[in-house]
Amino acid sequence: MRATRRRMRIVLLGPPGAGKGTQGDRLADRCGVPKYATGDILRDAVRRHTPLGLEAKRYMDAGELVPDDVVVGLVDEALESPESRGGFILDGFPRTVVQAERLAALLEKKELQLESVVYFDVPEEELVRRLAGRRVCSACGAVYNVHSEPSRAGEACQACGGGLETRDDDKEETVRNRLRVYRESTEPLLDWYRGQPTALHELVAVGSVDEVYDSLLSVVGCS
Ligand code: AP5
């Protein structure tokens with residue numbers, strides 16, 4: 001009997017600052033699958049002043065969710081790309097039950113199955129600490145943290161020398177709203193996925209980045 005190769009198709013779910021992006025990048029590199037982060041796609045559109053970016057910016061600056069139709073369209077487009085055929089990681093999508101239902105419908109149409117959802121569980125005070133300490137390279141997008149993952153080049157990016165900046169939506173007031181929006185709109189997804197056949201892994205995502213990565217690999221290692 002011929003063994004069928006497993007395709008990694010996973011969703012990383014969790015509150016702002018839980019480490020989805022950090023861990024998703026590592027996993028994508030190791031497993032050779034693309035990571036699609038709706039937040040990154042939207043920020044790129046904002047930087048390029050596209051019509052999508054102009055529409056999204058007012059929601060993002062306020063810490064609100066961008067309308068479902070917009071983000072579902074972005075993911076639909078990403079999943080059409082040939083590189084996603086060997087598997088993919090979705091970071092920060094879905095974030096509402098409507099998005100999850102639309103993702104399920106998209107995948108069904110493509111005759112694909114979501115393999116698992118990984119929920120990053122981090123206490124709120126730690127989320128606030130991580131978001132306040134996050135710095136992002138304005139040139140290459142590398143993510144650092146003044147508390148836990150500082151750049152070895154000080155105020156510059158250790159990878160490319162670019163300047164480090166704080167994300168617009170990491171201001172204290174916006175963070176508070178993002179956490180509220182998370183509790184109201186995204187947390188209900190946990191119960192929704194508990195009622196689905198897709199495996200839901202609940203990861204206690206505290207400890208060092210390496211420790212969390214080891215726990216992540218133990219539940220979704222690449223084949
Ligand atoms: P998005 O960019 O997705 O933001 P988020 O979900 O709020 O997540 P973050 O990027 O803040 O956190 P993360 O979990 O990736 O953590 P990270 O690894 O960076 O969305 C931004 C906005 O876009 C939304 O508010 C919304 O407006 C819009 N949007 C996006 N998707 C949408 C959707 N589907 N629907 C509607 N609107 C959407 O880590 C955070 C920091 O902690 C870093 O500094 C990192 O170095 C550090 N860190 C990571 N792991 C650890 C660790 N183990 N210990 C200590 N520090 C750590």
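**Exercise 1. Describe how helix 2 (residues 38-47) lies relative to strand 2 and strand 3.**

Solution. Helix 2 lies across strand 2 and strand 3, and it runs at about 60 degrees to strand 2. Helices (H or I, at least four residues) and strands (E, at least two) are DSSP runs numbered from the N terminus, while axes are lines fitted to C-alpha atoms, for helices over the stretch in contact, with angles from 0 to 180 degrees between N-to-C directions. Contact means heavy atoms within 4.5 Å.

The model is a predicted one, in which local features need pLDDT of at least 70 and side-chain atom pairs count only at pLDDT 80 or more, whereas totals for chains, interfaces and linings use all residues. Residues are numbered from 1 along each chain as its sequence is written, and side-chain values use heavy atoms, with hydrogens and water left out.

**Exercise 2. Work out the order of the five strands in their open sheet, and say which strands stand at the edges.**

Solution. The five strands follow the order 2-3-1-4-8, and their pairing is parallel; two strands pair if DSSP finds at least two bridges between them. Strand 2 (35-37) and strand 8 (199-204) each have a single partner strand, so one side of each is left without a neighbour in the sheet. On average, and with direction ignored, neighbouring strands of this sheet are turned by 20 degrees against each other.

Next, look at one pair: strand 2 and strand 3 (residues 87-91) are joined in the parallel sense over three bridges, and Ala37 stands opposite Asp91 in strand 3. Helix 1 (residues 20-31) packs on this sheet, where it touches strand 1 (8-13), strand 2, strand 3 and strand 4 (116-121), and its direction makes about 170 degrees with that of strand 1.

**Exercise 3. Find the disulfide of the structure and state its handedness.**

Solution. A disulfide is a pair of cysteine sulfur atoms within 2.5 Å. The structure holds one disulfide, which joins Cys31 to Cys222 with an S to S distance of 2.1 Å. The torsion about the S-S bond of Cys31 and Cys222 is about -75 degrees, and therefore the disulfide is left-handed. Cys31 belongs to helix 1 and Cys222 to the segment after helix 9 (209-220), so that the pair links distant parts of the chain, 191 residues apart.

For accessibility, buried means under 20% relative accessible area, exposed over 50%, and partly exposed in between (1.4 Å probe, protein chains only). Cys31, at 16%, is buried, whereas Cys222, at 32%, is partly exposed.

As a contrast, take Cys157, whose sulfur is 3.8 Å from the closest cysteine sulfur, in Cys140, and this is too far for a bond.
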